[in-house]
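Please look over the model below before reading on. My points follow, one topic at a time.

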Amino acid sequence: MNGTDQLMQHTNATTQARTSFPDQVAQRMPTLCVIWLILTVLSPEQELYKNFFHLIVIPASLIVLLSRRLELPWKDPLLLLSALFALYASTTTFVVGLGPIDGHLRALRWGAEISFGLVAFYLWLPRILERPHWWARCFLILTLIGACGGILLFALGQQFNGRLSGLGALHNPVQAASVLLVYFALGHFLMTRSSAAERWDHRLLIATFIAMVLSIVLSGSRAPLGALVCYGTFVGTLHLVRGPRAGLIIPTLVGLAIISIALFLLRGPDGLSELLFERGFSYRLEIWKGYMLHPPESWWWGFGAGTSPENTPAAEHYWIPNNIPVFHPHNLYLGTLVETGLIGAACLFGVFGLVLRAIVKSAAPSIAKWHLVGIVALVVLLTLTSGHTAISSIKAIWLYFWLPMIFIWFWGRQEDGSRNGPVRNNAKPSY
């Protein structure tokens, strides 16, 4: 080894030694979030992706914030409104809430947890804008892995009987279908906005779509399936008329035909009818009716975010006498209204308003704007019969509500030229 090589090695070692721990953490934030996303579709234990976020992602976010390696845009409207929403929901429950104090302490913990989650998303999601093609592949591969994993478990563990679910955040059939659909929608949007897409990217897109549709149908989740039909029809028409990816329509239709044949062979017409149509409304209409017949004492404040359904007047006077099982409202908007009142509902709809405004003001092409509006509509459809609050501990609602909404916010603000992502001092993202 000559003297020049020794000098270069010594220089590299010195530079690496000078790289502080906070700098290293800031550089690896995108990598940590990729690992977390992988765990949402592959972790064998449901709690693993949650524990990873608690023990790794949140502390890493605090390290880079406190060391000022990354600085949040504290005056960002969406961040301020979301933080206000979390503070309101987690504190007013102690004043107006019903039931044991444990529920209200849980709501306080949810408010703190979603606040840390928002910080992590704000530090991470701007990195997607820097490498959209890379992240498009990431979301599509995650969707493909999650869908194939669920199908494999369904085949080996249940012999195609019952309803398909999956690993990690996909443990529930409805949540599995919702998360996979949102991951696909984000990956598809990023791929259509990338000028670097290759032929194998198109094949990945089609294969992922086929696997996702098959898994959603086998999950027996009617709301995600309806959302898929509406979203797929809208985006397909959009690209057929104006988009650069119209050539994908025919292979996709062929794939859907293959799916139809496969489903017919696996379940038969009677099995599919039972899976999708013979379960009725799964008590949802009766749950919503109970809230309407026995509303909160004040529509302004609601029952309190920490109030469990069994402690509400609706349970005493309607659900229990009629043997209606109630775990939560099964509707994000009704749940927000009855738990946090009109004030909480205004915060929730304010989030939608800000995101839609960012789309409208964006300098992006009109087809991209309509595509983003379609993703917002997808989020609405998925939360009409699922969930009950956006202020929660780390759950699947983070993945099919907060993730797409904050992504769209950043994308619109990027195209608008606004600088509302985290400011980097000495950190460069690593992938």
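**Notes on the pocket, the salt bridges and selected residues**

1. The lining of the largest pocket is made up of 17 nonpolar, 17 polar and eight charged residues. Here Ala, Val, Leu, Ile, Met, Phe, Trp, Tyr, Cys and Pro count as nonpolar, Asp, Glu, Lys and Arg as charged, and the others, Gly among them, as polar.

2. Basis. This is a predicted model, in which local features need pLDDT of at least 70 and side-chain atom pairs count only at pLDDT 80 or more, while totals for chains, interfaces and linings use all residues. Residues are numbered from 1 along each chain as its sequence is written, and side-chain values use heavy atoms, with hydrogens and water left out.

3. The volume of the largest pocket is about 1,000 Å³. Of its 42 lining residues, Arg284, His328, His330, Ser386 and Gly387 are the closest to the centre. A pocket is an open set of points on a 1 Å grid over the protein atoms alone, where a 1.4 Å probe fits, with protein on both sides within 12 Å along at least five of seven lines; lining residues have an atom within 4 Å of a point. Grid points are joined across faces, edges and corners, and the volume is the space filled by probe spheres set on the points.

4. Which helices each supply at least two residues of this lining? They are H4 (48-66), H6 (101-130), H8 (173-192), H10 (222-241), H12 (284-293) and H16 (396-415). Helices are DSSP runs (H or I, at least four residues), numbered from the N terminus.

5. Salt bridges. Side chains of opposite charge can pair when their charged atoms come close. The rule asks for a side-chain nitrogen of Lys or Arg within 4 Å of a carboxyl oxygen of Asp or Glu. The count comes to four salt bridges.

6. Helix H6, Arg109 and Glu113. These two side chains form a salt bridge at 3.4 Å, N to O. Both residues lie in helix H6, four residues apart, about one turn of the helix. Arg109 is partly exposed at 44% relative accessibility. Glu113 is buried at 7%. Buried means under 20% relative accessible area, exposed over 50%, and partly exposed in between (1.4 Å probe, protein chains only).

7. Helix H6, Arg127 and Glu130. The closest N and O atoms of this salt bridge are 3.1 Å apart. The residues are three apart in helix H6, about one turn of the helix. Glu130 is partly exposed at 33%, and Arg127 is buried at 5%.

8. Between helices. Asp201 and Arg137 form a salt bridge, with the closest N and O atoms 2.8 Å apart. Asp201 lies in helix H9 (residues 199-219) and Arg137 in helix H7 (residues 132-158), so the pair ties together parts 64 residues apart in sequence. Asp201 is buried at 0% relative accessibility.

9. Thr92. This residue of helix H5 (residues 77-96) is buried at 16%. A polar atom of the Thr92 side chain lies 2.7 Å from the backbone oxygen of Tyr88. Not counting residues up to four places away in sequence, Thr92 touches Gly97 and Trp301. Contact means heavy atoms within 4.5 Å.

10. His371. Buried or exposed? His371 counts as buried, at 1% relative accessibility. It lies in helix H15 (residues 366-382). Beyond four places in sequence, His371 touches His188, Phe189, Thr192, Tyr231, Val235, Leu238 and His239.

Methods: A polar contact is a pair of N or O atoms within 3.5 Å; within protein, one must be able to donate a hydrogen and the other to accept it, and residues adjacent in sequence count only if both atoms are side-chain atoms.
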